Amino acid sequence: MSVNILAIGDICGDPGLNFLERRLKGIRSEYNIDFVVVNGENANVVGITPRQADAIFRAGADVITLGNHTWTRTELQPYLDERKRILRPANFGPQCPGRGIEVFHTNFGDVCVLNLLGRFTLDGNTDNPFVIADGFLEEIREKIILVDFHAEGSSQKRAMGYLLDGRASAVWGTHTHVQTSDAEVLPKGTGYITDLGMTGPVHSVLGIDPEQSIGKFLGDPPRRYESASGPCKLEGCIFEIDPETGRCLRAEGIRIQ
Ligand code: FE2
C-alpha cells in the first residue's frame, strides 16, 4: 500500500496562513494525505514566529521547514530547540539552535526529513548543501526520506534532485514561490519538483503587494514588506511513495484556490 506525502509551498503572511488554516484539513482528507510538510519561513512575511508555527501545526502540518529567513525573528530560536517538528536548514553552523534533520515515527514507518539552504544569492555563510546532503544520505537508514532544498537557482535544485535520485523518496525546492511544471519521478525513483510554489495571495509578487514590489524596482526607498490582499491559493506537490522501498511512484503538483 502506498502513502501520500503532501509538500506545501511557502506560507506567505497572514493571508497564506489563514488560507492554510481554512483548507488544509479538507485537503488532507480529499487527497488521502498521510503526511504534510509545510515551508513556513514567510509566515511572518519575512521569518516566522512561534505563534505562527503553532498555527501551522494546528492547521494540520506534521513538519515545518524553513530557509534563508530562519533567524529574522529571534524569539524563534528557543522554539527551534524545544520543538523537533520544526526544522531549519541543516547546513547552518553547528552552534545554531534547532536541527536540520529529524526522524518522525508514523503508522506507516519512520520518515526522515532534511532541510537544506542553497548558497547562490542566499546566505553564503553556510556549509555546502550538496556535500552535507551526500553525507547524510550515506548515513540515513530510514526508507522514507524527504528533502526540502530552499534555494534560488533552478540548476542547483535539479542538480540536488539528481544527486539524491534513488537515495531519497522525494526532493523538492522552495523559496522562489512560483510553481514549476516539472513534477516528475527521476530515473532511479525519487519524486522531484524544482519549486512547490507558494500559499498566499494569487494577485501578488511572491506574496507581496504588487504596487509595493513595482515601487521597489522603480527605486522607492526600502520599507517593510506588506502582503497582497484578495483571493488566495495553496500550491504544493503530492508524492505517492511505496513505504516498503521508499521509492516514489507518482509526483503531481497541485494548486488549490
Ligand atoms: Fe526564502
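**Briefing: an iron site, a mixed sheet and a pocket**

N32 turns up in the loop between α1 (13–30) and β3 (35–39), where helices (H or I, at least four residues) and strands (E, at least two) are DSSP runs numbered from the N terminus. This is a predicted model, so local features need pLDDT of at least 70 and side-chain atom pairs count only at pLDDT 80 or more, while totals for chains, interfaces and linings use all residues. Residues are numbered from 1 along each chain as its sequence is written, and side-chain values use heavy atoms, with hydrogens and water left out.

- N32 isn't a glycine, yet it has a positive phi of about 55 degrees.
- With 55% relative accessibility, N32 counts as exposed; the scale here is buried under 20% relative accessible area, exposed over 50% and partly exposed in between, with a 1.4 Å probe and protein chains only.
- H175 is another non-glycine with a positive phi, this one about 105 degrees, and it sits in the loop between β8 and β9.

**The iron site**

- E41 (OE), N68 (OD1), H150 (NE2) and H175 (ND1) coordinate the iron ion at 2.1 to 2.2 Å.
- Donors here are N, O and S atoms within 2.8 Å of the metal (3.2 Å for Na, K and Ca), and since water is not among the atoms, sites may look incomplete.
- The angles between the four donor atoms run from 84 to 178 degrees, so the arrangement is irregular.
- For the geometry labels, four donors are tetrahedral if all angles lie between 85 and 135 degrees; four are square planar and six octahedral if opposite donors are over 155 degrees apart and all others between 65 and 115; anything else is irregular.
- Along the sequence, the donor spacing reads E-x26-N-x81-H-x24-H.
- H150 belongs to strand β7 (residues 144–150) and H175 to the loop between β8 (170–174) and β9 (184–185), so this pair ties together parts 25 residues apart in sequence.
- Both histidines are buried: H150 has a relative accessible area of 0%, and H175 has 14%.

**The sheet**

- Six strands make an open sheet with mixed pairing, in the order β5-β6-β7-β8-β10-β9; two strands pair if DSSP finds at least two bridges between them.
- β5 and β9 are the edge strands, each pairing on one side only.
- β5 (residues 101–106) runs antiparallel to β6 over six bridges, and a hairpin of two residues links them.
- Within that pairing, F104 has V111 as its bridge partner, and E102 has V113.
- On to β7: β6 and β7 are parallel and share seven bridges, with N115 partnered by D148.
- β6 (residues 109–117) is mostly covered, as seven of its nine residues are buried.
- β6, helix α4 (residues 129–139) and β7 form a right-handed β-α-β unit, meaning that with the strands pointing away from the viewer, the path from the first strand over the helix to the second runs clockwise.

**The largest pocket**

- The largest pocket holds about 410 Å³ of space, a volume being the space filled by probe spheres set on grid points joined across faces, edges and corners.
- On a 1 Å grid over the protein atoms alone, a pocket is an open set with protein on both sides within 12 Å along at least five of seven lines, and lining residues have an atom within 4 Å of a point.
- Its lining has 22 residues, with H177, V205, L206, I208 and Y225 nearest the centre.
- Helix α6 (residues 210–218) gives the most to this lining, with three residues.

Notes: 1 Å grid on protein atoms, 1.4 Å probe; cavity = no way out; pocket = protein on both sides within 12 Å on 5 of 7 lines; lining within 4 Å.
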